Amino acid sequence: MNWIACYTLFRKEISRFMKVWLQTVIAPVVTALLYLLVFGHVLEGRVEVFEGVSYTSFLIPGLLMMTVIQNSFANTSSSLIQSKVMGSLIFIMLPPFSEVEFFLAYVGAAIMRGLAVGMGVFLLAVFYVKVPIDNIFIVLAFAILGSYIMGALGMIAGIWAEKFDQIAAFQSFIIMPLTFLSGVFYSISSLPPIWSEISKYNPFFYMIDGFRYGFFGQSDQPIMISLAVMLVAALVLTVICITLFRSGYKLRDA
Amino acid sequence: MLDPTLDAITVDGVSKRFGSLQALNDVSFGIHQGEFFGLLGPNGAGKSTLINAIAGLLRVDSGKLSILGNDVRSDFRAARQNLGVVPQELVMDPFFTVRETLQFQSGYFGIRNNDKWIDELLDQLNLADKADTNMRRLSGGMKRRVLIAQALVHRPPVIVLDEPTAGVDVDLRQSMWRFIRRLHAEGHTIVLTTHYLEEAEELCDRIAIIDSGEIIALETKQDLLDLGLGSKLLIRATRDIETVPLELQGKVVRCEAKDLELSFHRENDSIMEILDRLRAASIQIDYVSVVNDSLQDVFLRMTAKQGGS
């Protein structure tokens, strides 16, 4: 394991998104806050999902996690597709990176961006409404696991895609629907039984549900099930990413 | 200490197919340590495919490639650590400055605190005043020099330059070659692909010509020039030449007024015999000169022969 190489690539990926921090950090925070203001204003007092928890408070962990996962995905996928389209991928392919070093660097940077954006949303949201934290370790564990999974998924999309619009399609037709239908804005127990059951096959639901448990100590599914789903998803995506890099699929066979 | 008997680059039975195109067909050769080696060929001949295979940028279908004895797949760390590649395209990462680009590239090869060597490279490549300039703001020539610096940042003993002077002005080309010559004099193995055949003729010790995915010639520069064995005989007569003797008409390249240009084969033809025939036809010779084939003549003849087969 060449830790210097891995750390350098990780640092370069962080540097890359920090050079355009207005777009990569501030803009998603502002978007999440707009959701919070609009939905909170419209639905506050009309909907109570968990007993004793206001709708705006309920909404915050969902929005926070949604922002975290979207940005983690965007970090790896956009970095890889940009490097491919601009040709600068060669600077990563020529040095002696192993698949594990490559994976850890990219996913590590995706986690950092997810956490940076999530922290931004949280710090501004607490000025707006009281957000209880029942268990900070569960909050952190789900934030890190969620951004790890989405960073890995972004890596797969980035390796597979050859054009920017393929990444945009991945985001619009897979990431966005799965996120919006994962219980960000509602509890799946409030859905008709059939939709509630279908939601349980959406892996994003477990990210949001487990994360929310860390705030309120309540969730639609037992926390250990959510944790198990996340760990299995992380493992499967890790194996896929490492296998893709090792095979050179769409990276070394151009 | 490197084993001096090891080849810098070994290409052994390498084949690569893209769909119906056989880009490389059982290519084998070795490049010795310390050589200045030229890899020439027309567009689409397989040069870049071969360079990319050597650099580990694409997987070959069969065969083996190694850098200083290290297989580019099974021992990729040592192989890539020993290799610096200047790519053909003017690529760059638009987020960073020149110095940041070189610092990151050093780190990718496991090198920390490389600023002294980076400063030396910037200085040698006339980029010192651009160190803190964003890559996007550099001219094409400057970007090309940064690519060279990136390839050298980990001090590789083997350097591959894939058409490094394409689109570069004459002054910059000269200064780049001075720098590359210095690296060669310091013991680096240099592999060059270029479309400027006079560059290869001037710089390279040994040259391979590749066409349609096959090596059609692999000789020292002099042997390759001799391989053509072609020359031109330039003759000026004292009066306008009206008729060329019948037996020489097949050799006429040009005949204008007093000037006659004949092609001849250095082994099969005799200059004296040609001159005697001209005199016998009452052509009085004012002066004669002989011009040997350039590498370009040899290259064009060989690749044309291959293309026609």
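**Close-up views of a predicted model**

**View 1. The open sheet of chain B.** Six strands of chain B form an open sheet in the order 6-7-8-3-9-10, with mixed pairing. Strand 6 (83–86) and strand 10 (214–220) of chain B stand at the edges. Each has a single partner strand, so one side of each lacks a neighbour in the sheet. From one strand to the next, the twist averages 15 degrees. The model is predicted.

**View 2. Strands 9 and 10 of chain B.** Strand 9 (residues 206–211) of chain B pairs with strand 10 of chain B over six bridges, in the antiparallel sense. Ile207(B) has Glu219(B), in strand 10 of chain B, as its bridge partner.

**View 3. Helices on the sheet of chain B.** Helix 5 (residues 140–152) of chain B packs on the sheet and touches strand 6 and strand 7 of chain B. Its direction makes about 170 degrees with that of strand 6 of chain B. Helix 1 (residues 47–54) of chain B lies across strand 3 (36–40), strand 7 (158–162), strand 8 (189–193) and strand 9 of chain B. Helix 1 of chain B runs at about 150 degrees to strand 7 of chain B.

**View 4. Helices 9 and 10 of chain A.** Helix 9 (residues 203–216) and helix 10 (residues 223–247) of chain A pack at an angle of about 130 degrees. Their axes are 9 Å apart. The two helices are therefore oblique to each other. Helix 9 of chain A passes helix 10 of chain A in a left-handed crossing. Contact residues include Tyr206(A) and Tyr213(A) of helix 9 of chain A, and Leu227(A) and Met230(A) of helix 10 of chain A. The residues of this contact divide into nine nonpolar, two polar and one charged.

Key:
Residues are numbered from 1 along each chain as its sequence is written. Chains are lettered from A and ligands numbered from 1 in the order in which they are written. This is a predicted model: local features need pLDDT of at least 70, side-chain atom pairs count only at pLDDT 80 or more; totals for chains, interfaces and linings use all residues. Two strands pair if DSSP finds at least two bridges between them. Helices (H or I, at least four residues) and strands (E, at least two) are DSSP runs, numbered from the N terminus. Axes are lines fitted to C-alpha atoms, for helices over the stretch in contact, and angles run from 0 to 180 degrees between N-to-C directions. Two residues are in contact if their C-beta atoms, placed from the backbone, lie within 7 Å. Angles under 35 degrees count as roughly parallel, over 145 as roughly antiparallel, 65 to 115 as roughly perpendicular and the rest as oblique. A crossing is left-handed if the near helix is turned anticlockwise from the far one by less than a right angle, and right-handed if clockwise. Ala, Val, Leu, Ile, Met, Phe, Trp, Tyr, Cys and Pro count as nonpolar, Asp, Glu, Lys and Arg as charged, and the others, Gly among them, as polar.
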